[in-house]
Amino acid sequence: MPELISGTAVTNRNRTANMLKTQWYVCPLCGNVISAAGEGAFHCCGIALPPLVPEEPDDSHTISVECMDGEYFVRMEHPMTKSHYLSFFAAVTSERVTLVKLYPEQEPETRLPARGRGWLYACCNRHGLFRIPLPKR
Ligand SMILES: [Fe+2]
């Protein structure tokens with residue numbers, strides 16, 4: 001029904017749910033984060049959420065990653081104020097999505113399990129979604 005209202009038909013060919021094709025939806029009003037194995041029609045706070053399009057990090061959203069003890073230590077030099085902050089980091093491989101939610105006033109860093117190849121995502125509440133390939137372990 002939401003698809004009919006929005007006028008946008010969603011057709012997924014991702015029926016085996018390769019998590020590397022994960023789509024991200026973030027509500028601009030409440031900050032709700034939705035990850036989906038494929039495209040879908042999602043609404044929050046009365047708004048239809050388009051999938052975020054990940055970009056390569058720019059100079060103010062550079063992601064640093066170190067691999068140690070089977071984990072990635074991920075950090076971004078980025079403001080963590082109430083109006084401008086990183087909303088989450090996520091590691092995505094073919095079979096797993098690991099999301100770590102971040103909050104204002106927190107350090108812009110986390111640890112994520114180092115498991116296989118995939119993508120590392122960082123989401124800024126003002127500037128959107130960034131991603132880099134997960135480095136080799
Ligand atoms: Fe930002």
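**Notes on the predicted model**

1. Let's start with a loop residue. Glu105 counts as exposed, with 9 C-beta neighbours inside 10 Å. Glu105 has a positive phi of about 75 degrees, although it is not a glycine. Its place is the loop between strand E8 (96-101) and E9. Strands are DSSP runs (E, at least two residues), numbered from the N terminus.

2. Some housekeeping. This is a predicted model, in which local features need pLDDT of at least 70 and side-chain atom pairs count only at pLDDT 80 or more, while totals for chains, interfaces and linings use all residues. Residues are numbered from 1 along each chain as its sequence is written.

3. Cys45 is another non-glycine residue to check, with a positive phi of about 50 degrees. You'll find Cys45 in the loop between strand E3 (42-44) and strand E4 (47-49). Cys45 is exposed, having 11 other C-beta atoms within 10 Å.

4. On to the open sheet: three strands in the order E5-E6-E9, with antiparallel pairing. Pairing here takes at least two DSSP bridges between two strands. Strand E5 (63-68) and strand E9 (109-113) are at the edges with a single partner strand each, so one side of each has no neighbour in the sheet. E5 is joined to strand E6 (residues 71-76) by six bridges, and Ser64 has Arg75 in E6 as its bridge partner.

5. What about the core? The largest nonpolar core has 21 residues, and Leu86, Phe89, Tyr121, Ala122 and Cys123 have the most contacts inside it. By nonpolar core I mean a set of buried Ala, Val, Leu, Ile, Met, Phe, Trp, Tyr and Cys residues joined through C-beta atoms within 7 Å. Strand E7 provides the largest share of this core, six residues. Leaving aside neighbours within four places in sequence, Phe89 is in contact (C-beta atoms, placed from the backbone, within 7 Å) with residues including Val74, Leu112 and Tyr121.

6. E10 deserves a look too: six of its seven residues are buried. E10 pairs with E7 in the antiparallel sense over seven bridges, with Phe88 opposite Cys123 in E10. Six bridges also join E10 to strand E11 (residues 128-133), again antiparallel, and Ala122 stands opposite Phe130 in E11. E10 and E11 make a hairpin, with three residues between them.

Definitions and conventions:
Helix = DSSP H or I, 4+ residues; strand = E, 2+ residues; numbered from the N terminus. Buried ≥ 20, exposed ≤ 12 C-beta atoms within 10 Å, placed from the backbone. Contact = placed C-beta atoms within 7 Å.
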